Amino acid sequence: MNEVSICVIGSGYVGLVAAVCFAEIGHRVICVDNDEAKVNLLRNGGVPIYERHLPELLKKHSGKGVEFTTDLGGAVRECEAVFIAVGTPQGDSGAADLSFVEAVVSEIAREISGYKVIVEKSTVPVYTNEWIRRVLNRLGVPTARFDVASNPEFLREGSAVEDFLHPDRIVVGAGTDRAAEVLRRIYAPLSEGTYYSRPDALPGMCSADKPAKLLVTSAQSAEIIKHASNAFLALKISFINAVSNLAESVEADIEDIAAGIGMDRRIGPRFLHAGLGYGGSCFPKDVAAFHWVAHQQGLNFQLLEEVRRINDAQREVFFNKVRSALWTLRGKKLAALGLAFKCDTDDIRESPALAVIRQLLDAGAQVQAYDPAAMERAKGVLPPSDKMSYAANPYEAAENADAVLILTEWGEFARLDLPRLNRLLKFPIVIDGRNLYRPQTMAEHGFTYVSMGRPANYEAQLGKPRKTL
Ligand code: NAD
């Protein structure tokens, strides 16, 4: 086994998972963060994010294969490969704000004495590898002491550990054979399959016979692969949402339509779910950054602007459904199921659920929210208000509410005890932004059910006697 000493800078959703998974496949890892509280939490056995398998792997490797520190210099000095996994948020112009990356590169420059591969793990615009190289040179680091490579990350929050250890592909963008070789060694347990024959390997879709695919490209190509992948997935979501609005206007059913489209193997069923649109810390900013990259090159990638426009409009479409179902909103009590931007994560960055809740509060509604993982984070960003409260479970949220709104596609929300929900609500109205139920089932349980891209049934609301179950 070819152990590589690795430093990962940034211990967020990507850096922490990467660091622990590198340790899991046999490398020695130092994970750096400048957030002292987070580092202390990790050192004391805490887990700062909600992510399946992460607590077990942290327990297995913390203090052994992976250590946590705020000392970036010390970590860089000790390691052969330095992964940069800090945030690259959206700047005012739509371009990625690379100030965290630049700050880290300046710190790395001070510590390079022997050869290192500096690896961009963060999602960055094309040519960032070139900028990092220039900045290191400007800061006096000779070219022979380093290479810059791109190794974009494709993990999904919620299944990040599995995605990392059982990836669809590993992309390595390297301008030199030496850098490519270091990255090949790092990923060899996955690309050669030795990890999968270990008895303690996390099970998943790869195996010793079918190991992870590793694609080596130029750094520019790797940078574009990441942006283009996210832009394409966002496009698929916006496409189905646009079709869903059309479906609704002609009383067709978007779920049947998506099933019919998705059966075509050239298209596939994934990312064809109509709803509130995408959010999170990646798609919105990556679509904007990719659009900006094209603009910088004098190209008009108008399609991406349209992807964003359709996505933003979905929240409005949903809000209007709430208004149509309830007429006026001032003083109405609404149960909001879901705060995270998608299920299986506590991440609320750019969450469509929060955008809708803010709009409802502005319109004078009272919101009782519940989310299985994201409540603490949401409390930190939603304005404190006597109109906003948090419940211990979906049923407490629904108690005496005028309607239930489903805002995040948590599995728990797809398996609600419908008779109990009906009994608790003031009016049996469910407005589902994630299409978790079949309209027929909801009608059978006596609900007025409004969803996305499917005909709504307003009958219960319009005065039919309420069914007691
Ligand atoms: P994050 O905000 O969760 O984590 C970033 C971490 O970097 C934070 O803990 C922060 O304290 C730390 N940091 C910032 N400046 C630092 C410095 N100077 N020194 C040390 N630590 C520093 O971000 P994330 O979600 O992990 O995303 C990181 C990058 O990966 C972004 O470019 C993102 O686009 C990309 N990415 C994210 C995902 C995802 O699902 N979250 C998936 C693929 C790629």
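Predicted model: local features only at pLDDT ≥ 70, side-chain atom pairs only at ≥ 80, totals over all residues.
Ala 258 sits in helix 10, which covers residues 254–262. Is Ala 258 buried or exposed? Its relative accessible area is 10%, and since buried means under 20%, Ala 258 counts as buried. There's also His 273, 15 residues along the chain from Ala 258, with 7.3 Å between the two C-alpha atoms.

Which residues come nearest to the ligand? Out of 26 around it, those are Asp 33, Lys 38, Thr 88, Glu 157 and Lys 285. If you like sorting things by class, the shell splits into nine nonpolar, nine polar and eight charged residues. Helix 1, residues 13–24, puts at least two residues into that shell, and so does helix 5, residues 99–111.

Now some distances, each to an oxygen atom of the ligand. For Thr 88, a polar side-chain atom is at 2.5 Å. With Lys 38, an N or O atom of the side chain is 2.6 Å away. Val 14 uses its backbone instead: an N or O atom there lies at 2.8 Å. As for cover, the ligand taken alone exposes 830 Å², and the protein buries 89% of that.

Notes. Residues numbered from 1 in each chain as written. Heavy atoms only, no water. Near = heavy atom within 4 Å. Polar contact = N/O pair within 3.5 Å; in protein donor to acceptor, adjacent residues only side chain to side chain. Areas by Shrake-Rupley, 256 points an atom, 1.4 Å probe, with all protein chains shown as cover. Helix = DSSP H or I, 4+ residues; strand = E, 2+ residues; numbered from the N terminus. Nonpolar A, V, L, I, M, F, W, Y, C, P; charged D, E, K, R; others polar. Buried < 20%, exposed > 50% of the residue type's maximum accessible area, 1.4 Å probe, protein only.
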